[in-house]
Amino acid sequence: MFSAKLIEILKQARQIVVLTGAGTSAESGVPTFRDAQTGLWAHYNPAELASPEAFKRNPKLVWDWYSWRRETVLAAQPNAGHYALVQMARHVPNFHLITQNVDGLHQRAGSEQIIELHGNITRIRCEHCSHTIDLTKQNLDSLTLSDTEPPRCASCNHYYRPDVVWFGENLPVQALQQAEQLAQSCDVFFSIGTSSQVYPAAALPLYANKAVVIEINREKTALTQQADFALQGASGEILPALVECVWG
Ligand code: BV8
Ligand code: ZN
């Protein structure tokens, strides 16, 4: 299934950096960003809803879309691909996980020191004073919910918003800088389950100029050409097999 060369490279690897996208959560039942939206949301384009303009124009609609997605995510379980990354980290002297995903499934699988480039849907943040609530620890009961607008911040009365990075918003500066530095210094860079279309995250493999670049994705992407190894298939199948094969 895997070339002897790839297995040897991974056995020798000192520093591995992994970038994941929505494809790594697909087998957990979390729709990828470009999957057709289902049901109630079928006629909305995610990139339109995931924007500050949409929240300004129709805060309740955007709030409800994220509440629906949050329920899906909290009901989902990490899959074998998430757990394989936890295993890989145990075998490699220096391992870092960078994710574009906002679903928190890497945390729930047991990965540590995760760099979240696009925030996390299980947190909400006041759009004015940035008071943040982690909804995996505290539920919404303490807030007055209304059926016409998002809940309002207890201390400054502005709306809460999802603690994610919307299109047109800058990524957290620290997280992006750290991700770029890690890409530059690693000797193996994985890009897993991402269509490599959303910037600046999609530029990270280009920083990995010392590394062997390995892509794991169900279909070809903008990165496939440049990757040193392109493994086409489901991350939930390929990752456990690869970890088993290399680190046994
Ligand atoms: C920025 C959080 C500076 C929210 C997300 C015009 C105006 C404004 C901006 C731009 C513009 N043109 C370009 C830009 C920049 C823009 C951008 O890159 N747009 C793209 C679409 C062209 N980027 C931004 O706006 C970023 N900010 O640039 O700030 C700035 C400021 C002002 C003006 C200009 C620039 C912010 C980007 C972050 C947006 N937020 N998410 C939310 O989730 O609601 S991005 C969103 O897409 C998700 O985070 C997702 O992770 C991310 C990337 O998508 P993927 O993860 O790759 O998912 P996708 O569905 O695309 O692909 C999944 C892949 O998995 C597929 O290839 C599939 O084949 C594969 N797969 C499926 N199943 C499996 C599998 N693989 C393996 N196994 C499986 N089982
Ligand atoms: Zn506030």
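Predicted model: local features only at pLDDT ≥ 70, side-chain atom pairs only at ≥ 80, totals over all residues.
**Cysteines, pockets and a buried strand**

Cys 126 is buried, at 0% relative accessible area, where buried stands for under 20%, exposed for over 50% and partly exposed for anything in between (1.4 Å probe, protein chains only). Cys 245, at 37% relative accessibility, is partly exposed. The structure holds 0 disulfides, a disulfide being a pair of cysteine sulfur atoms within 2.5 Å.

Residues are numbered from 1 along each chain as its sequence is written, and side-chain values use heavy atoms, with hydrogens and water left out.

The pockets come next. On a 1 Å grid over the protein atoms alone, a pocket is an open set of points with protein on both sides within 12 Å along at least five of seven lines, and lining residues have an atom within 4 Å of a point. The largest pocket holds about 1,100 Å³ of space, a volume being the space filled by probe spheres set on the points, which are joined across faces, edges and corners. Its lining has 50 residues, and those closest to the centre are Gly 21, Ala 22, Thr 32, Phe 33 and Arg 34. Helix 5 contributes the most to this lining, with 6 residues; helices (H or I, at least four residues) and strands (E, at least two) are DSSP runs numbered from the N terminus. Both domain 1 (1-30 + 78-118 + 171-248) and domain 2 (36-75 + 120-164) supply at least three residues to the lining of the largest pocket, with bounds from an automatic or database domain assignment.

The second largest pocket has about 170 Å³ of space. Among the residues lining the second largest pocket are Val 86, Arg 90, Phe 95 and Glu 112.

Strand 8 (212-217) is one of the elements giving two or more residues to the lining of the largest pocket. Because 6 of the 6 residues of strand 8 are buried, the strand is largely enclosed by the rest of the structure. Val 212, Ile 214 and Ile 216 point one way from strand 8, and Val 213, Glu 215 and Asn 217 point the other way. Strand 8 runs parallel to strand 7 (residues 188-192), joined by 5 bridges; two strands pair if DSSP finds at least two bridges between them. Here Ile 192 stands opposite Ile 216. Strand 9 (residues 229-232) also runs parallel to strand 8, through 4 bridges, and Gln 232 in strand 9 is the bridge partner of Asn 217.

Terms used:
Chains lettered and ligands numbered in written order. 1 Å grid on protein atoms, 1.4 Å probe; cavity = no way out; pocket = protein on both sides within 12 Å on 5 of 7 lines; lining within 4 Å.
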